[in-house]
Amino acid sequence: MLATALSASIVGVDGVPVRVEVDVAFGLPGLTIVGLAGSAVLEARERVRAALRNSGFEVPSRRITINLAPADLPKEGTGHDLAMAAGVLVASDQLDASRLARTALIGELALDGSLRPVPGVMALVSAAQAAGACDAIVPVENAAEGAVVQGIRVRGARALRQVTRHLAGLEQLIVEGTPRRDAEAPPDDAPDLASVVGHAVGRRTLEIAVAGRHNLAFTGPPGVGKTLLARSAAALLPLLDEREAAEVSRIHSVAGLSQPRASVSLRRPFRAPHHTISMQALVGGGPRIRPGEASLAHRGALFLDETLQFRADALDALRGPIDSGAVTIARVNGVLALPARFMLLAAFNPCPCGWFAVDGHECTCEDGMRRRYQARLSGPMRDRLDMIVFLAPISSFRRTGPPEDSSAVFARVVIAAERQAERQGSANADIPPGLLDDRTGFSAAVRAQLDTRARQLGLSMRRLHRAARVSRTIADLAGSTLVQAEHLDEALLHRPKEMRA
Amino acid sequence: MIGVGTDGPTGAGAGSDAGIRATERDCWIALSLVPGVGPAGFARLLARYGSAAAMWRAGPAALRDLVPFGDQGAPGGELHWRADPREVARSLQQATERVGGRVVTGLDDAYPPALRTLDPRPPTLFVIGPQSVFLERAVAIVGTRRASGYGMSVATEIGDDLARAGVVVVSGLALGIDGAAHHAAVAAGTPSIAVLPSPIDRIYPPRHRQLARDLLRGGGAIVSEIAIGASIGRPDFARRNRIIAGLAEAVVVVEAPDRSGALLTAAAANAIGRELYAVPGPIDAMASRGCNRLIADHQATLVTSSASLLRQIGLARGERPPTVNALSEVEGQVLRHLLERSGSIEELVDRTRQQPASVASALAMLEARGLVNPFGGATFHPTVAAKRLAKVM
């Protein structure tokens with residue numbers, strides 16, 4: 001007899017519906033899985049067999065064939081276990097098939113028949129929803145995450161037995177409610193700006209960068225506070241809207257980063273990979289394509305501490321995503337795009353010894369050594385930064401008052417972000433060059449000023465556009481509809497300059 | 001026996017006797033190419049034999065007993081001596097002309113007058129650029145390759161002032177101070193002379209190729225005593241310093257650490273009787289150690305300002321009315337603070353007590369107008385134009 005159950009598989013960061021077809025026929029007893037199943041899927045054979053037996057069912061001693069359709073799509077992971085087990089039960093007449101048709105079954109089986117959580121449930125459930133399922137049963141730990149998807153009833157289950165009783169109509173699994181969102185608390189690992197002494201310019205540029213989602217680099221001698229300042233950005237990022245949040249959570253869920261029972265967070269991600277990271281871990285890829293740090297930082301910030309210590313190929317691989325907002329991975333069987341629209345935060349020393357160009361200090365680096373070091377930030381990468389800010393050593397602890405704390409800056413950032421969304425529906429960093437005109441508050445006078453400065457400072461078109469976007473954010477922070485000359489000048493001062501020896 | 005006269009062909013073309021029609025100049029050039037014969041060796045030989053042709057006639061045997069050149073066998077090897085001086089001179093001349101240069105020997109009228117008095121003087125020079133530059137008043141500006149923002153700013157100011165007063169700036173085209181001095185002179189539109197440690201077809205350092213092109217376009221000259229095709233080594237850098245000092249009437253050391261090449265130029269300046277000036281620096285700055293010591297040891301005159309330097313050299317500072325429009329209040333304030341002392345934006349925010357935003361936009365405006373220079377993006381220095389503007393502010 002034949003049975004069909006619905007499951008889903010992950011491709012990149014998206015779910016794809018998978019039909020699990022089970023055929024039980026006369027023949028030599030055995031269980032065969034076909035349909036480009038990866039090793040974790042093939043091992044499902046043993047898990048399904050044991051789970052069925054230990055849940056009080058009978059494993060038919062007949063020839064069982066399981067096909068995962070579409071059969072040409074490579075499938076990985078353990079999420080198909082539950083659908084296979086249910087399929088076997090229906091095909092061997094141990095379960096009524098009527099409720100199986102429109103219910104997606106997702107989950108890994110333990111040998112004792114209990115359900116274990118799987119990554120990417122949000123993407124899997126939305127794939128099932130798109131395929132026409134009205135119900136989805138997922139491991140109870142994943143239920144809250146799955147319930148974010150609209151248009152489908154998501155139920156959490158603890159064991160195979162519960163699922164079969166539900167499908168047989170003997171028991172009702174509870175539909176998980178749409179997760180209630182608590183007020184977002186700031187991330188507790190982000191340093192508060194109140195603890196940053198001095199650095200008026202560093203704070204100011206950080207605020208601009210976060211408000212407009214511009215790429216910012218801090219440079220300066222060791223111990224000056226580059227990392228502290230950059231890390232405090234985590235608490236300054238404005239909240240995501242619902243659509244963006246779902247997108248971000250889906251990526252994180254696929255990467256297996258969602259906390260059990262956690263639902264969608266409106267916090268923007270702040271990712272700070274270590275500099276020894278490989279290119280594939282940074283931008284994504286690998287034999288089984290997984291989102292890299294660049295995608296995990298989607299809609300958030302990617303902080304590269306000691307930027308120049310990163311592998312050159314890894315750094316340069318970020319050029320694509322910085323331009324297009326997506327990582328493109330080409331494979332024999334097609335091209336895959338992983339979303340990766342992040343703001344880049346960088347921090348690096350100006351030279352190996354760290355004291356180049358610092359007034360009152362002497363750089364002890366050889367000229368060639370320093371040039372090689374600085375050349376690690378390639379021209380094209382430097383060009384993609386919006387601001388490079390030099391943090392000078394604090395000369396004294398004399399202060400004019402207590403430093404502003406993060407919440408005050410956050411409040412200004414939120415207002416500036418709202419202005420941008422209202423005006424062009426995107427962050428200022430993503431304004432297309434063609435839109436840098438009256439529609440975004442660039443008057444003819446300011447555009448003429450742009451031309452003048454481009455000539456005076458010898459700027460490329462890309463540099464000019466980037467500076468213009470930054471000046472738009474400065475104007476937004478100042479509450480100005482029009483970009484003024486002084487906004488433009490401030491943006492231009494922080495433009496990346498060649499560090500000449 | 002090779003017979004050569006000082007004034008052209010003497011023999012009657014005796015077949016295999018290659019050198020028979022070689023001129024004194026050909027022999028001079030060929031001899032100056034012999035490895036191991038430096039300016040000093042050349043001068044000694046010339047003193048003994050009277051003419052280059054006579055030296056050539058004496059051949060390797062004559063050189064061998066000339067200490068200290070003779071102790072390593074025949075300088076240049078036998079091969080060199082068997083060559084025809086006319087051929088050697090012609091091929092070198094052609095190679096030099098191909099790169100737009102010319103060969104100038106101590107026999108020629110074109111030999112820079114300032115170098116004639118040197119003892120020993122470089123026997124042969126390779127020059128690109130007009131000969132007239134060598135007749136102008138010239139001052140050398142030298143210093144370390146690893147210059148600080150202060151050094152670069154001072155070198156630029158002095159270079160600019162000298163150039164505006166019509167003085168040819170002489171330097172070594174090296175990175176750091178040399179480059180800043182040449183840049184300033186080129187920007188001011190006055191010819192400048194770069195003395196290379198390498199042949200004139202191989203601009204060293206390569207990063208200054210564009211500067212060398214600009215310098216030539218501005219009517220300046222590039223000089224080297226290394227022949228095209230010769231390999232270069234450490235001693236060539238040291239020998240170059242003598243020519244820098246020799247070409248100038250005064251040498252200004254802007255920034256020099258201990259054991260700097262600029263100190264060799266300073267020593268050469270004192271040895272050959274050129275005025276020596278040194279720009280002082282902070283006593284704890286490695287980059288200024290050499291300069292401060294020159295001053296302390298009474299070897300150099302302390303430079304208190306660019307203007308006073310010009311006065312001491314006997315020049316009037318070439319005044320040019322500032323072309324900068326009126327500055328805003330914050331811009332003026334920022335510039336005044338910078339003229340007082342260079343600093344980072346952070347310090348300027350602190351000192352002016354203005355908002356970071358307005359200090360930043362003021363600095364950008366000043367940079368765009370060429371009044372401040374962000375050294376390494378870290379420390380802002382007022383430019384020469386700003387210092388000039390300061391007098392009318």
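Biologist: Helices (H or I, at least four residues) and strands (E, at least two) are DSSP runs, numbered from the N terminus. How many helices and strands are there in chain A?

Modeller: Chain A has 19 helices and 16 strands. Before we go on, this is a predicted model, where local features need pLDDT of at least 70 and side-chain atom pairs count only at pLDDT 80 or more, while totals for chains, interfaces and linings use all residues. Residues are numbered from 1 along each chain as its sequence is written, chains are lettered from A and ligands numbered from 1 in the order in which they are written, and side-chain values use heavy atoms, with hydrogens and water left out.

Biologist: Thanks! What box do the C-alpha atoms of chain A fill?

Modeller: Along the principal axes, the box is roughly 85 × 45 × 45 Å. The accessible surface of chain A is about 20500 Å², with 52% of that on carbon and sulfur atoms. Accessible areas come from the Shrake-Rupley method with a 1.4 Å probe, and for residues only the protein chains shown count as cover.

Biologist: And what share of the residues in chain A is buried?

Modeller: Of the 501 residues in chain A, 54% are buried. Buried means under 20% relative accessible area, exposed means over 50%, and partly exposed is in between (1.4 Å probe, protein chains only). As for contacts (heavy atoms within 4.5 Å), take those in chain A with a separation of 6 or more: 74% of them join residues 24 or more positions apart.

Biologist: Let's switch to the two chains together. How many residues are in contact between chain B and chain A?

Modeller: Chain B puts 33 residues in contact with 34 residues of chain A. The two bury about 2800 Å² between them, and 56% of this is on carbon and sulfur atoms. Buried area here is the accessible area (1.4 Å probe) that two parts lose on being put together, summed over both.

Biologist: How many salt bridges cross that interface?

Modeller: Two of them, by the rule: a side-chain nitrogen of Lys or Arg within 4 Å of a carboxyl oxygen of Asp or Glu. A:Glu366 and B:Arg146 form a salt bridge, with their closest N and O atoms 3.9 Å apart.

Biologist: Which elements of chain B give two or more residues to the side that touches chain A?

Modeller: Those are α15 (345-352), α16 (356-368), β10 (372-375) and β11 (379-382) of chain B. The most comes from α16(B), which gives nine residues. Sorted by class, that side of chain B has 18 nonpolar, eight polar and seven charged residues. For the classes, Ala, Val, Leu, Ile, Met, Phe, Trp, Tyr, Cys and Pro count as nonpolar, Asp, Glu, Lys and Arg as charged, and the others, Gly among them, as polar.

Biologist: Back to salt bridges. How many are there over all chains?

Modeller: The search finds 38 in the whole structure. One of them joins the side chains of A:Arg155 and A:Asp135, at 2.9 Å from N to O. This pair links distant parts of the chain, with A:Arg155 in strand β9 (residues 153-157) and A:Asp135 in strand β8 (residues 135-139) of chain A, 20 residues apart.

Biologist: Are A:Arg155 and A:Asp135 buried or exposed?

Modeller: A:Arg155 and A:Asp135 are both buried. There is also a salt bridge between A:Arg466 and A:Asp386, at 3.0 Å from N to O. A:Arg466 is in helix α18 (residues 461-477) of chain A, while A:Asp386 is in the loop between α15 (379-384) and β16 (387-390), 80 residues apart. A:Arg466 and A:Asp386 are both buried as well.

Biologist: Nice. Which residues are linked with A:Arg268 in a network of salt bridges?

Modeller: A:Glu244, A:Glu247 and A:Arg299. A:Arg268 is in the loop between α9 (242-254) and β11 (270-271) of chain A.

Biologist: Why does A:Arg268 count as buried?

Modeller: Because its relative accessibility is 11%. Its side chain also reaches the backbone oxygen of A:Pro238 at 2.7 Å. Beyond its neighbours within four places in sequence, A:Arg268 is in contact with residues including A:Arg213, A:Leu237 and A:Gly300.

Biologist: Last one: which residues of helix α12 in chain B are buried?

Modeller: In α12 (residues 289-296), they are B:Gly290, B:Cys291, B:Asn292, B:Leu294 and B:Ile295. They pack against β7 (250-253), α11 (261-271), β8 (275-278) and β9 (301-302) of chain B. Just after α12(B), B:His298 has a positive phi of about 60°.

Definitions and conventions
Polar contact = N/O pair within 3.5 Å; in protein donor to acceptor, adjacent residues only side chain to side chain.
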